[in-house]
Amino acid sequence: MRVDGLTHEAVSLRHTLETQRRTLSWRVTAPLRVVRHLMKGQLPTGQKIPAVCQRVKEIYQDEGLHGVTQRIQARLPETGVGRAVARYTSNRQKHPSSPQAQTSAVQTPAQDQGVKSSPMTAAERQKALEGVYAKPLGAEALNQLTPHILIIAELSLRQCAKYRVWQKEEQLRSLGWTVDVVDWRETEQALAALQVCTEVIFYRVPAFESVEIVLHETRRLGLSPWWEVDDLIFSAELYQENGNLQTLDTAEQKQLLFGVRLFRKCLLSCDRAIASTRVLAQAMVDAGIPSAVVIENALDQQTIEIAQSLAERGVPAHDTTQEIRIVYGSGTKTHDADFRMAASGILAAMQADPRLTLHIIGDLTLPDSFLTVKDRVQTLAGRDYAAYLALLAQADITIAPLEPTIFNDAKSNIKFLEAAILKIPSVCSPRDAFLQVMRDGENGLLAEQDEQWRDAILRLAADPALRVQLGQQAYEDVLARYSPDQVAQQQVLPVFGEPVDVRSKTNLRVLCANVYFSPRSFGGATFVAEEMVRRLQRLPDVDVAVMTSRPDLKDRGNAPLRYSADGCPVLGVRVPPDHDRVGGLDNATATSHFRKWLAAMKPDVVHFHATQGLGLGLLRACIEAGVPYVVTVHDAWWLCDRQFMVKADGHYCFQEKINLRVCQACVPEARHLSERAVMMRAAMEGAALLLSPSETHRQLFIANGVPPDRILVNRNGFVWPTHARTPRKPGSPLRFGYVGGTEEIKGYSLVRRAFQALSDRNWELRVVDNKLNLGIRSVYTESWKVKGTVTTVPAYVPESMDAFFDGIDVLLFPSQWKESYGLTVREALARDVWVISTAPGGQSEDIVDGVNGTLIAIDGRPDSLQKAVEALLKNPERLTGYVNPLKQNLATFEEQTAELDGVLRDVVATKTANAQRLADDLSAISADPAD
């Protein structure tokens, strides 16, 4: 269904074309191509010139010159024609004194509307939106989430990741934490994971530009980040004390020191630090971090299980009377200087006892002096951890030499732990971390000088019992201090504690999903969804969260974004463009983010409004998580691929019981309609309940197979007037208003044609352009050939709604389909405005013909609307002082909220009762084996 292959091919071809168009040869030959097209009677776009001229003529008649210029700019934005039109339009806007500019200027009665006279431009609106999304969230907002720790880490160093990342994850999970791990290079993935975490740890992360974006996001979200490391890689001065640095070439040294500066920058960008040793923690504090805690490298379940497996099956034996094996795990080539400080003692021991052999695992450059015993030295390549421990288990002695530097004092005692869990005795340098656990002569041997290394090795070689004794004691000591449970309880728990969800356990938790939400408020369904969220949130025992879409934002890619709307946590995700109907039906990315949002919010019930773009995967995720959901079917998207049951020509299809054969003829390019119908049916059947805003709309779904008891009416409320209506002045022109936009389905062309046919002059019509506040103009009334007055005004907002309806006497609502509700109709009826509306449909259910409005047929004919308008114009005084006598029958937001709250609670109670019934049945079965 997703046609991924075609999508990728299209992107590739588009890239190829764009590359070609930037070449010099393409630009030079452009005039030749234009001439060739013109000789064929075509424009460069491939369109036939006569057809284009006819279309331009139609647009000019309907929308005026501005409409023509806007279309050219939209279709040819990067061409010379488009740029010329843009310059022409810009000049006219700068010099409105010209007759042409005055003719087509948007008339905005700002005082009547209570809005700014110059609406926002698209750029201004985008900036305002970004300001809302960029607004910092306080740390208290984290209390709205389920406790969750995110580790953003360096994962390419396997051993480092094992001891500092995967061990930490294991330890935290054992304490009950939810943990996610993300590679620091995956910026988009890290940004996504940040939205649902309550703690974040940066392990061994350098402050590259992409990381600074992530760090900035942690601040916006109110997080207090940790920075963690297990090596002294953030201090250039101390790092240069490491003698191993000198074994690298100049380029490698410069690269490492450059990394040191980036690590330090990231460290100081965080609030606190985690170190693997106390010396390292002190160095962090000395570097400027306010506080640092110690969580040591330790044993994990994997290491313990490998050791147990090796002990159970045994390791290949060798005759210790003939060979005593010394094993050194080098790991990387940065240990040459460390080995050299013990090399003379090791070599002396090997020369004194010919049984001693040296086995090196990893990279190491041996001093030339070892050539004298080269036949007893074996170098083995590094390998995976299980294979490494298997080699280590064959040792009789392990060694861990380290230079006496602060850099090495900051290192952990991993080599001792690995040998100890295998019960192998160790000889180690007396660095600080080793001294924390080793007792010389009791669970291992310590050596600093050459003689000490020689004597320690020879002592172990000569005494098999001592080897066993030291190995066994080391094993017991290490398990007592470094087992997973011990480290989790003694070191991790004091730092992170147990996860505590501070949210009320008795409050009803509701998750609402709608494709748009504040600050991207668009459409009636969004207005209702926002109001329901606000009103449910005000209830003392309800907590609400929201899932919605977000616009394209700088540096975010497709990562989701958490923000706050009136104190309510909202997660915004990217959705496919409107023309991608299949992508909007099954948005895998949105589904993935929704699953994490579900886990973060742990709702008792999910309320879906308009989910087109977000996709049906959200509903599947609820089923998988065992969370019941309710769907409000605001429109026919659940039944119709075109959403409003409108045909390609813009007219209503008038189907009651949906016939997919008819739909396929209407949308021939959509080859997925059968599969879509199956998915929609499954989504609706999975719902605990469906809600409809009107009875008419409910009957549509019942006609298409929804059982009557599974869909209820929950009528939409609206904003009631804040003050009494200003009386119409007798004798003044009758004032009409239209708010439906330019869509054919809303009746725009019917309004235009009906009013152009009127012979009466004593009227005014205000046409709302609902895109003006988005910085876009879509309505051009200056080209209408009418005898009355037509003006274009911006869409009203709640604050300016009363002013708009005060300025009209009649609302025109000639919708050409059976609307699910018709919010504007109710807003007008509540303000004593007469309504001319089509019927049947949800828009007409609160209108009684001749009492509070005029009902006309859905027939696509302008004369039906014209006759209704003319009837009012013959007796305009009828509307002077008019008061709607049926206002008490209108729904209110209070009623809608109370009904919705009851429905959601019933759904949760039913789920709880069913779960208890199942538990009782299972208990009865287990109590009576015969059953």
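1. Tyr133 and Tyr563 are both buried, where buried means under 20% relative accessible area, exposed over 50% and partly exposed in between (1.4 Å probe, protein chains only). This is a predicted model, in which local features need pLDDT of at least 70 and side-chain atom pairs count only at pLDDT 80 or more, while totals for chains, interfaces and linings use all residues. Residues are numbered from 1 along each chain as its sequence is written, and side-chain values use heavy atoms, with hydrogens and water left out.

2. Rings of Phe, Tyr and Trp (its six-membered ring) pair if their centres lie within 6.5 Å; planes under 30 degrees apart count as stacked, over 60 as edge-to-face and the rest as tilted. By this rule there are 24 aromatic pairs. The ring centres of Tyr133 and Tyr563 are 4.9 Å apart and the planes stand at 85°, so this pair is edge-to-face. It links distant parts of the chain, with Tyr133 in helix H8 (residues 122-134) and Tyr563 in strand E15 (residues 561-565), 430 residues apart. Helices (H or I, at least four residues) and strands (E, at least two) are DSSP runs, numbered from the N terminus.

3. Phe608 and Tyr629 also form an edge-to-face pair, at 5.6 Å centre to centre and 80° between the planes. Phe608 belongs to strand E17 (residues 605-608) and Tyr629 to strand E18 (residues 629-632), 21 residues apart. Both Phe608 and Tyr629 are buried. Elsewhere, ring pairs link Phe644, Tyr652, Phe654 and Trp817 into a cluster.

4. Two lysines sit over rings (NZ of Lys or CZ of Arg within 6 Å of the ring centre and within 35 degrees of the ring normal). The charged end of Lys162 is 5.6 Å from the ring centre of Tyr163. For Lys423 over the face of Tyr475, the distance to the ring centre is 4.7 Å.

5. The peptide bond between Ser518 and Pro519 is cis, with omega about 10°. Pro519 is in the loop between strand E13 (508-513) and helix H24 (524-538). Ala839 and Pro840 are likewise joined by a cis peptide bond, with omega near 5°, and Pro840 is in the loop between strand E25 (834-839) and strand E26 (853-857).

6. Arg204 is not a glycine, yet has a positive phi of about 50°. Its relative accessibility is 10%, so Arg204 counts as buried. Asp566, another residue other than glycine, has a positive phi near 55°. At 64% relative accessibility, Asp566 counts as exposed.
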